[in-house]
Amino acid sequence: MPKDGGIGASSKRREDIRFLTGEGNYTDDINLRGQAYVHFLRSDIAHGTIKSIDTAAAAGMPGVVRVFTGTDFEGVGTIPCGWQVTDRHGEVMQEPAHPILAQGKVRHVGEPVAAVVADSPEQARDAAEAIVLDIDELPAVVDMKDALKDGATKVHDDLNNNLCYDWGFVEENKDAVTKAFEDAAHVTSLELVNNRLVANPMEPRVAVGDYARGTDESTLYTTSQNPHVIRLLMGAFVLGIPEHKLRVVAPDVGGGFGTKIFHYQEEAFCTFAAKACNRPVKWTSSRSEAFISDAHGRDHVTKIELALDADNNFTALRTETHANMGAYLSTFAPSVPTWLHGTLMAGNYKTPLIYVNVKAVFTNTVPVDAYRGAGRPEATFQLERVVDKAARELGVDPIALRRQNFITEFPYATPVAVEYDTGDYHGTMDKLEEMGDFSGFAARRAESEKNGKLRGLGVNCYIEACGIAPSNLVGQLGARAGLYESATVRVNATGGLVVMTGSHSHGQGHETSFAQVVAEMIGIDENMIEIVHGDTANTPMGMGTYGSRSIAVGGSAMVRATEKIINKAKKIASHLLEASEADIELKDGAFSVAGTDKSVAWGDVTLAAYVPHNYPLEDIEPGLEETAFYDPSNFTYPSGAYACEVEVDPDTGKVTIERFAAADDFGNIINPMIVTGQVHGGIAQGIGQALLENCAYDDNGQLLSASYMDYAMPRADDLPMFSVDHSSQTPCTHNPLGVKGCGEAGAIGSPPAVVNAVVDALQSAGKDVTHVDMPLSPDRVWAAMNG
């Protein structure tokens, strides 16, 4: 194998050539012959009854093809939710209908009420402005706790109340947890907010619907992380299109961060309207639209309590969380605060008893769903903040308290229903202490004090569940689809390969790392391998990309398919070499007979597969193409330890991050450069949440942070140089690559490290501050310092 290729090499991302030279093919680059454009008229109030929609003037304006309202979708399915949660009382969650265009009421600012299809974007926009919309405004419910009070305004009149579900986990632990707290030598409690975020990917959402009347086939081009899931949800549950008559194509996608997982109203509308108008229909979101139509993230309010014995061992943990669902249930929304959050509350620690309660609440706000990390950051933030607070209350070193309670024996079954197969939490903490130069911190703090600044050091440990699956388990937990992955490997006659995957790339570098895996297995150059994804017509059924699952689940499917290819190729090679199949070995792109110098090149064997002159057809059918599906037996469990050093200006409250170190265990590494890039991006997003980003509503349900003028995204000068290491590797034991996933780690581990550092800085100056809610803006920090 060439030194610069294969597993473990930092091969340059092959996809970057087209991205950097402007040759990428994004959804907005797709323009079809005869295409029309849609502009959505969106509600500018959060809650109200639609009294009338007068479209007469709009329908007669130049270029208008057709005006649609909710009445056009009567009898059409509504946007489905892909996960059903059963609450602690055995009741199924309340699940309201989610229409493509509002019907009867509007329930959040930004909900589409009408849509104009016209010959140009400008004509569609002008006509939408001519629609006369009469809405009788109703009180909006925005605060989650207020939404649950008796007599609160209901977001959905047909539901019993605004409570989606009241989930308890593990319910049978509840009494034992209560007893452990009664017997505890020390109890630490903390109330905190995990602030609402807007994903803001570089590329906004786009949808292009097309319809072929002659074949009755529909095509949707869309910015999606999982085109097969969109085809399944939209075809079967919304528009009633048979899957063989519906093609979904997701070309290059410029960032997703979770918000492009979900099936949205605009995708269904464009597909429906293309058939109704008999011409292609295109929608490109503006940035302003994205703020009020893309699914938001996080938005939890939590009380967490930690019980310890007299020797500072963790004995029990319990949490009570209110989780905002927004006005409707987005595709994965119910799973995020429950199964993706509650099952991770053990963290890295051997706490014997845990109870998690989550109340999911409907409000008159944009729907909330998975955002990078999805439930895992929320769990880690709660846990790592309360552990740090406990250490300070007990007067012990925060790292020592963590080490004392680390899980050290694997596999380890947690009290919240998951089993960690491998890990070395002391190892990652050792690496972090080395990287972070903790022994030199006192001198750095003294130097900061000379300059009139307060310096703090915060640490944090995390574990996450990645490789979302297995299907039989998540099915029992409420998933309405399997979460396997697939791959088809097609070998050409001259030896090149096309690998078709159900996974999707939106910045992860799959075209490079997937090729490295297959190249390593066969022993050929990576450039002989093409990775195809994003088109349901050309790829096997797969569940897409999210939850750091692509290499663990999608990559494993590729391994299985490639193994089938190699096994068949060995049969052909055995005929060509006149040897027993059991004696055939594959190494460095050649088949050889063990113990001899007889060999045949990979290309000769693949040619023979398509020109079968040298072996009997009754033994082996021609061709070399195989498909495999992979459904893992367990999640993977990446883990790590992070450290942050900050300076705080006591006069203004401004926080500056001076140093940041991350030690991660991702199992085996396919491409170290890509892994480092993923961690960098995640840390930047986590720091954005910790210091800058906040999605804020007023009491009337108006989004106050609806543009970059008010929503602060992190910039380069907000970030230091990161010190990143992933040399601590405990391979996963249940997938063929031994990989764990890396895409979300940075966003999980960084927020608590930042907040812990700021609290440390303030306490070092004698300030009686135990917590500051994110984002730690200068005014919040200054207010905390000054009581």
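Is Gly 766 buried or exposed? I began my notebook with this question, and I found that Gly 766 is exposed, because its relative accessible area is 63% and exposed means over 50%. I keep in mind throughout that this is a predicted model.

**Entry 1: two glycines**

I placed Gly 766 in the loop between α18 (745-764) and α19 (778-785). I then looked up its separation from Lys 587, and found that the two residues are 179 residues apart along the chain, while their C-alpha atoms are separated by 65 Å.

Gly 653 is buried, because its relative accessible area is 0% and buried means under 20%. Leaving out residues up to four places away in sequence, I noted that Gly 653 touches Val 648, Ser 777, Pro 778, Val 781, Trp 782 and Met 785. I also looked up Gly 653 together with Ala 552, and this pair is 101 residues apart in sequence and 43 Å apart in space, from C-alpha to C-alpha.

**Entry 2: an arginine in a strand**

Which strand holds Arg 455? I found Arg 455 in strand β18, which covers residues 454-463. Arg 455 counts as buried, because its relative accessible area of 8% is under 20%. I recorded a polar contact of 3.0 Å between the side chain of Arg 455 and the side chain of Ser 448. When I set aside the neighbours within four places in sequence, the residues in contact with Arg 455 included Phe 441, Arg 444, Arg 445 and Ser 448, and also Glu 645, Glu 647, Glu 658 and Asp 760.

**Entry 3: backbone details**

I looked up two cis peptide bonds. One joins Phe 169 and Val 170, with omega about -5 degrees, and Val 170 lies in the loop between β7 (163-169) and α5 (174-183). Another joins Phe 410 and Pro 411, with omega about 0 degrees, and I placed Pro 411 in the loop between α10 (398-405) and β16 (412-413).

I then looked up phi for two residues. For Asp 437, phi is near 50 degrees, which is a positive value in a residue other than glycine. Asp 437 sits in the loop between α11 (425-436) and α12 (441-450), and at 32% relative accessibility it counts as partly exposed. For Ser 548, phi is near 50 degrees, again a positive value in a residue other than glycine. Ser 548 is found in the loop between β21 (529-532) and α15 (550-577), and I noted that Ser 548 is buried, with a relative accessible area of 14%.

**Entry 4: empty space**

Rolling a probe the size of a water molecule over the atoms shows where empty space is left. How many cavities of 30 Å³ or more does the structure hold? I found 5 of them.

The largest cavity contains about 140 Å³ of space. I noted that 19 residues line the largest cavity, and that the closest to its centre are His 98, Tyr 264, Gln 265, Ser 293 and Pro 367. Its lining divides into 8 nonpolar, 8 polar and 3 charged residues.

The second largest cavity has a volume of about 50 Å³. Among the residues that line it I listed Arg 298, His 300, Asn 324, Pro 337 and Glu 378. The largest share of this lining, 3 residues, comes from β14, and by class the lining has 6 nonpolar, 2 polar and 3 charged residues.

I also looked up the second largest pocket, in which about 600 Å³ of space lies. It is lined by 29 residues, and the closest to its centre are Val 142, Asp 143, Met 144, Asp 299 and Tyr 697. The elements that give two or more residues to this lining are α4 (144-147) and β14 (314-326), and the largest share, 4 residues, comes from α4. I counted the lining of the second largest pocket by class as 13 nonpolar, 6 polar and 10 charged residues.

**Entry 5: domains**

Last, I looked up the domain assignment, which gives domain 1 (27-138 + 200-293), domain 2 (373-468 + 636-785) and domain 3 (484-630). The C-alpha centres of domain 1 and domain 3 lie 40 Å apart, and the contact takes 19 residues from domain 1 and 16 residues from domain 3.

Conventions:
Residues are numbered from 1 along each chain as its sequence is written. This is a predicted model: local features need pLDDT of at least 70, side-chain atom pairs count only at pLDDT 80 or more; totals for chains, interfaces and linings use all residues. Side-chain values use heavy atoms; hydrogens and water are left out. On a 1 Å grid over the protein atoms alone, a cavity is a set of points where a 1.4 Å probe fits but cannot get out, and a pocket is an open set with protein on both sides within 12 Å along at least five of seven lines; lining residues have an atom within 4 Å of a point. Grid points are joined across faces, edges and corners, and a volume is the space filled by probe spheres set on the points. Ala, Val, Leu, Ile, Met, Phe, Trp, Tyr, Cys and Pro count as nonpolar, Asp, Glu, Lys and Arg as charged, and the others, Gly among them, as polar. Buried means under 20% relative accessible area, exposed over 50%, partly exposed in between (1.4 Å probe, protein chains only). A polar contact is a pair of N or O atoms within 3.5 Å; within protein, one must be able to donate a hydrogen and the other to accept it, and residues adjacent in sequence count only if both atoms are side-chain atoms. Contact means heavy atoms within 4.5 Å. Domain bounds come from an automatic or database domain assignment.
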